[in-house]
Amino acid sequence: MQKASTDNQAAAKDIKLLVLDIDGTIAGHSNNISEPVKQAIFAAQARGIQVAIATGRMYRSALRFHQDIGSTLPLMAYQGAWIQDPISQKIHRHWVVSREIAHQLLDYFEQPELRSLLSVHFYINDQLYVRELTRETKIYAERSGIIAIPVGDLRQALTNEPTKILALSDDTDVIDKLLGNLRRQYTPAELYMTTSVATFFEATNASVNKGTAIRYLAEELLGLQLANVMAIGDNFNDVEMLEYAGLGVAMGNAPTGVQAIAKWVAPSVEEDGAAVAIEKFLL
């Protein structure tokens with residue numbers, strides 16, 4: 001767990017922006033931010049460090065966490081495909097998946113051997129459209145605090161281009177195989193594919209990831225450099241963000257591949273690891 005070095009300690013005083021993932025990072029099983037984590041965030045803000053959220057969640061689902069921490073910065077949702085300032089309502093970025101690729105993915109998901117194994121989610125204009133309300137979708141919608149709209153044939157929803165496409169399965173082997181097969185079909189220049197939890201396959205515009213999102217926030221909006229950024233995350237959709245940040249921290253509950261690229265590994269989300277990391281480096 002203790003991967004910190006004197007270099008990290010020296011860099012810590014340069015941090016002016018803290019970027020946090022939500023699920024598995026600041027929110028665990030309770031689906032809320034614990035009091036110790038909240039207090040650590042407030043203490044960092046009191047020291048003049050700005051705090052932002054970068055999440056795979058929908059904008060409307062992430063908003064309450066953004067408000068809970070009193071962030072005044074734009075919220076980076078859908079892995080950074082949708083960046084919006086909740087105060088001014090200005091949308092800084094909205095990058096979508098082409099209709100052509102959305103149709104191709106849907107055809108793939110609806111192959112006879114896959115159709116019954118997957119719950120398919122299309123996110124269009126910050127609304128969730130589904131074929132039907134499966135058990136997995138109901139659990140997801142409840143945790144996200146949103147309403148899923150069943151439409152039967154998802155092609156009917158493609159009058160607008162989706163911000164994100166998600167395929168959900170309780171069988172993690174199905175998701176692993178899906179990710180592997182689709183990464184052979186689409187290059188990184190065509191589609192960004194990741195998992196935010198082991199049961200989610202997620203696809204967005206090729207230019208989207210949390211790394212490009214926080215680079216935009218830090219460099220273009222705030223005039224900062226990567227050395228001024230600390231990021232904390234717990235899964236593969238956080239990798240680009242952790243690689244970009246001057247100080248990238250992985251949670252103790254992160255997969256080993258994610259922990260390996262971090263500068264430091266914090267305790268798990270259920271042990272308030274984000275608070276431990278904030279106190280260690282920023283307070």
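Q: Which residues does alanine 52 touch, not counting residues up to four places away in sequence?
A: Contact here means heavy atoms within 4.5 Å. Leaving out residues up to four places away in sequence, alanine 52 touches Leu17, Leu18, Val19, Leu20, Ser71, Leu73, Pro74, Met76 and Leu217. For leucine 73, 21 residues apart from alanine 52 in sequence, the C-alpha to C-alpha separation is 6.0 Å. Keep in mind that this is a predicted model, where local features need pLDDT of at least 70 and side-chain atom pairs count only at pLDDT 80 or more, while totals for chains, interfaces and linings use all residues. Residues are numbered from 1 along each chain as its sequence is written, and side-chain values use heavy atoms, with hydrogens and water left out.

Q: Why is alanine 52 called buried?
A: Buried means under 20% relative accessible area, exposed means over 50%, and partly exposed lies in between (1.4 Å probe, protein chains only). Alanine 52 has 0% relative accessibility, so it counts as buried. Its place is in strand S2 (residues 50–53); strands are DSSP runs of E with at least two residues, helices are runs of H or I with at least four, and both are numbered from the N terminus.

Q: Why does histidine 66 count as buried?
A: Histidine 66 has a relative accessibility of 2%, and therefore counts as buried. This residue lies in helix H3 (residues 59–68). Not counting residues up to four places away in sequence, histidine 66 touches Ile53, Ser71, Leu73, Pro74, Leu75 and Pro86.

Q: How do you know that S1 and S2 pair, and in which sense do they run?
A: Two strands pair if DSSP finds at least two bridges between them. Strand S1 (residues 17–20) and S2 are joined by 4 bridges and run parallel. Within this pair, valine 19 stands opposite alanine 52.

Q: What makes S2 and S14 edge strands?
A: The open sheet has 5 strands in the order S2-S1-S12-S13-S14, with parallel pairing. S2 and strand S14 (264–265) each have a single partner strand, so one side of each is left without a neighbour in the sheet.

Q: What makes a set of residues a nonpolar core, and which members of the largest one touch the most others?
A: A nonpolar core is a set of buried Ala, Val, Leu, Ile, Met, Phe, Trp, Tyr and Cys residues joined through side-chain atoms within 4.5 Å. The largest one holds 50 residues, and Leu18, Met230, Ile232, Val249 and Leu282 touch the most other members. Helix H11 (residues 273–282) gives the largest share of this core, with 6 residues. A second, separate core has 27 residues, including Val97, Val120, Leu179 and Leu182.

Q: Why are H4 and H7 called oblique to each other?
A: Axes are lines fitted to C-alpha atoms, for helices over the stretch in contact, and angles run from 0 to 180 degrees between N-to-C directions. The axes of helix H4 (residues 99–109) and helix H7 (residues 172–185) come within 13 Å and cross at roughly 140°. Angles under 35 degrees count as roughly parallel, over 145 as roughly antiparallel, 65 to 115 as roughly perpendicular and the rest as oblique. H4 and H7 are therefore oblique.

Q: What is the handedness of the crossing of H4 and H7, and which residues make the contact?
A: A crossing is left-handed if the near helix is turned anticlockwise from the far one by less than a right angle, and right-handed if clockwise. The crossing of H4 and H7 is right-handed. H4 contributes Leu105, Tyr108 and Phe109 to the contact, and H7 contributes Leu178, Asn181, Leu182 and Gln185.

Q: How do you know that S9 is mostly covered?
A: In strand S9 (residues 164–168), 5 of its 5 residues are buried. Both faces are covered, with Lys164, Leu166 and Leu168 on one side and Ile165 and Ala167 on the other. S9 pairs with strand S6 (residues 119–124) in the antiparallel sense over 5 bridges, and 4 bridges join S9 to strand S11 (residues 200–204), also antiparallel.
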